[in-house]
Amino acid sequence: MPQKTGHYPVEIVAEVQSMELDPGRNGSYKLLLEDGSTVRADFMGSQWEALESLHRRGEFALKIVGEGDFADDRLKRIVSIDLKKTERVLPPEDPEMPTLLHILNEIHKKYPQETWDNVPTDGAKNMHHYLYGRPKVDD
């Protein structure tokens, strides 16, 4: 069976390791793939802002759709990115991780209702009063 060599459509999920823009106004990503390997992805300088807004290192991965350069069935480099199909991929939810609502409910259970009755309802507006003793702000 012949091995894939040349340019072919590619769709991968990867974490952005770095992003560079060269003086010629073209750019590239260094991407960490799910199998632990890395690959470069080239993009046009005009795509810089759109791609930069899609990623924040370590918070989520990108699903990158474009064209890849293959040699011996291995992806060597992504030579173009299709912005219309490229998107953020949030990490899967951890079923062991409690939700924010669960955490807040647990905190609420720790204290008697009288404590919650004494929590100020104007805390945001009068934060400096409660923290530093400044005069209260009235409506």
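Reply: Let's start with Leu31, which stands opposite Val39 in S3. Before going on: this is a predicted model, where local features need pLDDT of at least 70, side-chain atom pairs count only at pLDDT 80 or more, and totals for chains, interfaces and linings use all residues. Residues are numbered from 1 along each chain as its sequence is written, and side-chain values use heavy atoms, with hydrogens and water left out.

S2 (26-33) and S3 (38-44) pair in the antiparallel sense over seven bridges. Strands here are DSSP runs (E, at least two residues; helices are H or I, at least four), numbered from the N terminus, and two strands pair if DSSP finds at least two bridges between them. The S2/S3 hairpin has four residues between the strands, and Gly36 takes a positive phi near 95° there. S3 also pairs with S5, in the parallel sense over two bridges, with Arg40 opposite Arg77 in S5.

Now look along S3, where the side chains alternate: Val39, Ala41 and Phe43 point to one face and are buried (under 20% relative accessible area with a 1.4 Å probe, protein chains only; exposed is over 50%, partly exposed in between).

As for Leu31, it's among the residues with the most contacts inside the largest nonpolar core, which has 20 residues. Such a core is a set of buried Ala, Val, Leu, Ile, Met, Phe, Trp, Tyr and Cys residues joined through side-chain atoms within 4.5 Å. S2, S3 and helix H1 (48-54) are among the elements that each supply at least two of its residues.
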